[in-house]
Amino acid sequence: MSLWEYANPVKFMALSGRILPWAAWLSGICLVIGLVWGFFYTPDDFRQGSTVKIIYLHVPSALMAINVWMMMLVTSLVWIIRRHHVSALAAKAAAPIGVVMTLIALVTGAIWGQPMWGTWWAWDPRLTSFLILFLFYLGYIALWAAIEDNDTAADLTSILCLVGSVFAILSRYAVNFWNQGLHQGASLSLDKEKNVADVFYQPLLFCIAGFVLLFVVLVLLRTRTEIRARRTSALLARERMG
Amino acid sequence: MKALLIRDLRLAIRAGGGFGLGLAFFLIVTVLVPFGVGPQSELLSEIAPGILWLGALLACLLSLDRILALDWEDGTLDLLACAPLPMEAAVSIKALAHWLTTGLPLVIAAPFFALLLNLPSAGYVPLVLSLLLGTPALSVIGTFGAAITVGIKRGGLLLSLLVLPLYVPTLIYGAEAARRGAQGLETSTPLFMLAGITSGVIALLPFASAAVLRVNIR
């Protein structure tokens with residue numbers, strides 16, 4: 001029994017099929033609890049008023065935007081090293097989710113920034129590096145779409161993902177150097193005594209859990225679709241041959 | 001290796017090789033900017049470092065698909081793959097040839113184009129220095145992009161989509177060094193960062209480019 005067993009598409013399909021409904025329900029419950037609690041049962045902030053509540057969408061999506069890329073990096077590495085097809089397909093399936101998460105983070109940030117900073121957009125390091133991350137996602141997806149042969153596409157996108165990760169980190173620090181920020185520092189971290197005030201913190205945790213589970217559900221669903229699409233094309237090819 | 005370099009240089013300089021195309025593009029960008037933003041000389045001298053860097057970057061981008069596309073079409077790449085020369089060395093030579101035919105002319109021409117944009121006199125040395133340090137990185141990163149898209153028909157647009165985000169750090173430090181120089185500030189920090197990026201990229205990226213090319217040739 002090891003993790004690598006699930007590189008076998010049949011085993012992967014069986015396991016993911018069993019996990020999927022549970023994860024979907026759990027994610028829905030977490031999101032409903034977190035969002036309803038956050039939107040309707042927390043007090044307005046002293047200075048920010050009700051706009052503070054956008055944190056329940058902004059923070060989890062921003063977290064996921066980065067973590068989805070990390071997941072793609074890991075699955076790309078697994079593909080390059082061990083050549084498990086499920087891994088490459090999972091990376092392919094995750095990219096559009098990542099791009100949507102990045103977009104949600106950017107848009108909710110802009111909606112919050114308009115009343116608070118007085119501007120929709122500022123060339124702040126965090127904002128800028130998210131925009132660059134968005135471009136990386138676009139390039140990655142476009143490369144998948146442009147190549148017909150599946151294995152070649154998987155190889156090329158994996159290498160692009162590796163190189164892109166290095167450059168994404170480089171850009172992150174370069175933009176820091178280039179302009180000082182308007183964006184506040186991290187409001188959540190594990191090693192800090194005090195994070196956001198507890199009233200806001202607890203529903204936020206539910207929202208983050210909900211977003212993580214939502215991502216798991218979507219990525220499993222999309223990977224299953226990709227596997228089925230592969231099987232279909234294999235069957236069609238066999239039919240043509242026979 | 002030397003033979004490959006000489007061959008690439010000769011092909012690039014010959015008619016139809018695209019030599020001078022980047023330079024002409026750079027000139028046009030520089031000439032068009034004052035039409036776009038107006039001829040006030042203070043404004044121009046303020047934005048000159050950024051415009052020159054951006055122009056150099058775009059001129060570089062314009063010629064990227066020529067690095068490998070022709071060799072891919074006529075089968076030279078297949079021969080190179082079979083040659084005793086490792087693929088990493090071959091792509092490095094390709095990048096070097098691209099820099100010699102595109103990057104270096106840009107560096108040499110930049111001070112003259114800077115005259116058109118009224119760059120303050122303190123800015124010339126940092127501008128040339130930053131371009132000299134930065135353009136090799138542009139060529140090497142561009143070779144990686146060209147290697148990824150070489151198998152794709154009409155991959156030019158995809159090439160720019162892939163390569164432009166990778167150019168961000170180089171552009172930031174390069175333009176920052178040139179801008180600080182123009183304002184008479186200390187330029188060593190961005191120049192060091194730029195040199196770091198360039199040497200890191202020269203050392204590591206040929207492996208990625210070669211891996212990608214092997215996949216494409218397979």
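The model is predicted, so please read every value below as computed from it. Chain B has nine helices and zero strands, and 21 residues of chain A are in contact with 17 residues of chain B.

**Chain B as a whole**

- Along the principal axes, the C-alpha atoms of chain B fill a box of roughly 55 × 35 × 30 Å.
- Of the 218 residues of chain B, 52% count as buried.
- If you take the contacts in chain B between residues at least 6 apart in sequence, 82% of them join residues at least 24 apart.

**Where the two chains meet**

- The contact brings together 21 residues of chain A and 17 residues of chain B.
- On the chain A side, α4 (125-146) and α5 (150-178) each supply at least two residues.
- Helix α5(A) gives the most to this side, with twelve residues.
- By class, the chain A residues that touch chain B are 17 nonpolar, three polar and one charged.

**The nonpolar core**

- The largest nonpolar core has 133 residues, and B:L52, B:A56 and B:I141 touch the most other members.
- Helix α8 (residues 156-182) of chain B provides the largest share of this core, 15 residues.
- To see the surroundings of B:A56, look for B:F26, B:L106, B:A110, B:L131 and B:T135, which B:A56 touches when residues up to four places away in sequence are not counted.

**A helix pair in chain B**

- Helix α2 (residues 21-37) and helix α3 (residues 41-62) of chain B pack at an angle of about 145 degrees, and their axes are 9 Å apart.
- The crossing of α2(B) and α3(B) is right-handed.
- On the α2(B) side, the residues making the contact include B:F25, B:F26, B:V29 and B:V33.
- On the α3(B) side, they include B:L44, B:I51, B:G55 and B:A56.
- Sorted by class, this contact has 15 nonpolar, three polar and no charged residues.

**Two loop residues with positive phi**

- A:R83 is not a glycine, yet has a positive phi of about 55 degrees.
- You will find A:R83 in the loop between α2 (55-82) and α3 (85-117) of chain A.
- A:R83 has 13 C-beta neighbours inside 10 Å, so A:R83 counts as partly exposed.
- B:N118, also not a glycine, has a positive phi of about 65 degrees.
- The loop that holds B:N118 lies between α6 (87-116) and α7 (124-149) of chain B.
- B:N118 is partly exposed because 16 other C-beta atoms lie within 10 Å.

**A buried threonine in chain A**

- A:T128 sits in helix α4 of chain A.
- A:T128 is buried, since 23 other C-beta atoms lie within 10 Å and the cut-off for buried is 20 or more.
- Leaving aside neighbours within four places in sequence, A:T128 is in contact with A:W123 and A:V175.
- A:S16 is 112 residues from A:T128 along the chain, and the C-alpha atoms of these two residues are separated by 36 Å.

Terms used:
Residues numbered from 1 in each chain as written. Chains lettered and ligands numbered in written order. Predicted model: local features only at pLDDT ≥ 70, side-chain atom pairs only at ≥ 80, totals over all residues. Helix = DSSP H or I, 4+ residues; strand = E, 2+ residues; numbered from the N terminus. Buried ≥ 20, exposed ≤ 12 C-beta atoms within 10 Å, placed from the backbone. Contact = placed C-beta atoms within 7 Å. Nonpolar A, V, L, I, M, F, W, Y, C, P; charged D, E, K, R; others polar. Core = buried A, V, L, I, M, F, W, Y, C linked by C-beta atoms within 7 Å. Axes fitted to C-alpha atoms, helices over the stretch in contact; angles between N-to-C directions. Left-handed = near helix turned anticlockwise from the far one by under 90°.
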